[in-house]
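Have the sequence and the 3D view open as you read.

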Amino acid sequence: MKTKSFTRLSAIVVVATLCLTSCSMFKPRVIPRAVNTVNTVMLEELNLTRNDYQILKTETAEAIIKCEFGTTNVTIIEENEEFKLTYKVQNGVWSYDKHKGIMRLGYLSRDYSYDGILYPEDIARRTAIYRLINVVQELGADGIIEPTISTNIEQINNHDVIYKTIVTGKIVKLITNN
């Protein structure tokens with residue numbers, strides 16, 4: 001009887017060990033990224049008088065992303081090499097392969113979504129917005145009003161494309177009685 005219990009216990013230990021070993025071999029494939037989000041509204045939506053806020057300045061931020069299209073992969077590189085992201089491409093389907101650095105992405109309110117694939121044009125837009133949000137934070141401001149976003153896409157040779165996004169917005173600080 002003790003032998004039967006010992007055999008069962010040994011089998012459970014072996015199975016548990018195999019499960020833990022196989023689970024520890026799984027390595028998550030996460031693209032490191034930092035995300036900032038800022039609320040944006042049109043000035044008339046604020047329902048404030050001119051004495052309720054101060055426009056600190058109009059600020060511009062930009063991002064330039066180079067995309068190298070290979071026969072079996074796509075490599076996305078930020079111009080200062082803050083990050084590099086590589087996707088494998090098979091039958092037109094992109095799948096994450098590897099990365100270097102951290103992508104810093106910004107979103108305007110009600111604009112955040114992520115489906116697992118970050119395309120070069122989106123990355124250029126999000127990187128520029130992130131940089132503008134950092135200016136808002138540095139100035140101790142409350143938000144951005146009336147942002148404009150422009151993206152230019154230029155093919156520089158048979159395999160490479162440059163995505164340049166410029167974001168401009170008015171940096172606003174609310175005036176409080178505190």
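Helices (H or I, at least four residues) and strands (E, at least two) are DSSP runs, numbered from the N terminus. On that basis, the elements of the protein chain run α-β-β-β-β-β-β-β-α-β-β from the N terminus on, which comes to two helices and nine strands. This is a predicted model, where local features need pLDDT of at least 70, side-chain atom pairs count only at pLDDT 80 or more, and totals for chains, interfaces and linings use all residues. Residues are numbered from 1 along each chain as its sequence is written, and side-chain values use heavy atoms, with hydrogens and water left out.

**Confidence**
- The protein chain averages a pLDDT (the predictor's confidence in each residue, from 0 to 100) of 79, and 71% of the residues score at least 70.
- Over residues 9-30 pLDDT stays under 50, and the model has five contacts (heavy atoms within 4.5 Å) for that stretch beyond four places in sequence.

**Overall packing**
- Of the 178 residues in the protein chain, 31% are buried; buried means under 20% relative accessible area, exposed over 50%, and partly exposed in between (1.4 Å probe, protein chains only).
- Take the contacts in the protein chain between residues at least 6 apart in sequence: 64% of them join residues at least 24 apart.

**Nonpolar cores**
- A nonpolar core is a set of buried Ala, Val, Leu, Ile, Met, Phe, Trp, Tyr and Cys residues joined through side-chain atoms within 4.5 Å.
- The largest one has 18 residues, and Ile65, Ile76, Leu85, Tyr87, Met103 and Ile123 have the most contacts inside it.
- Strand 3, strand 4 (73-78), strand 5, strand 6 (93-101), strand 7 (103-108), helix 2 (120-138) and strand 9 (160-174) each supply at least two residues of this core.
- A second, separate core has twelve residues, among them Leu108, Leu132, Ile133 and Ala141.
- Leaving aside residues up to four places away in sequence, Ile76 touches several residues, including Ile65, Phe83, Leu85, Tyr87, Trp94 and Ile123.

**The largest pocket**
- A pocket is worked out on a 1 Å grid over the protein atoms alone: it is an open set of points where a 1.4 Å probe fits, with protein on both sides within 12 Å along at least five of seven lines, and lining residues have an atom within 4 Å of a point.
- Its lining is made up of Ile64, Ile65, Lys66, Ile77, Glu79, Glu81, Phe83, Lys84, Lys100 and Ile162.
- Strand 3 (53-69) and strand 5 (83-90) each supply at least two lining residues, with strand 3 giving the most, at three.

**Residues to click on**
- Ile149 sits in strand 8 (residues 143-155) and counts as partly exposed, at 26% relative accessibility.
- The C-alpha atoms of Ile149 and Thr60 are separated by 9.7 Å, although the two are 89 residues apart along the chain.
- Asn158 is in the loop between strand 8 and strand 9, and it is exposed, with a relative accessible area of 69%.
- Glu81, in the loop between strand 4 and strand 5, has a positive phi near 60° without being a glycine; Glu81 is exposed too, at 59% relative accessible area.
- Asn91 isn't a glycine either, yet it has a positive phi of about 55°; look for Asn91 in the loop between strand 5 and strand 6.
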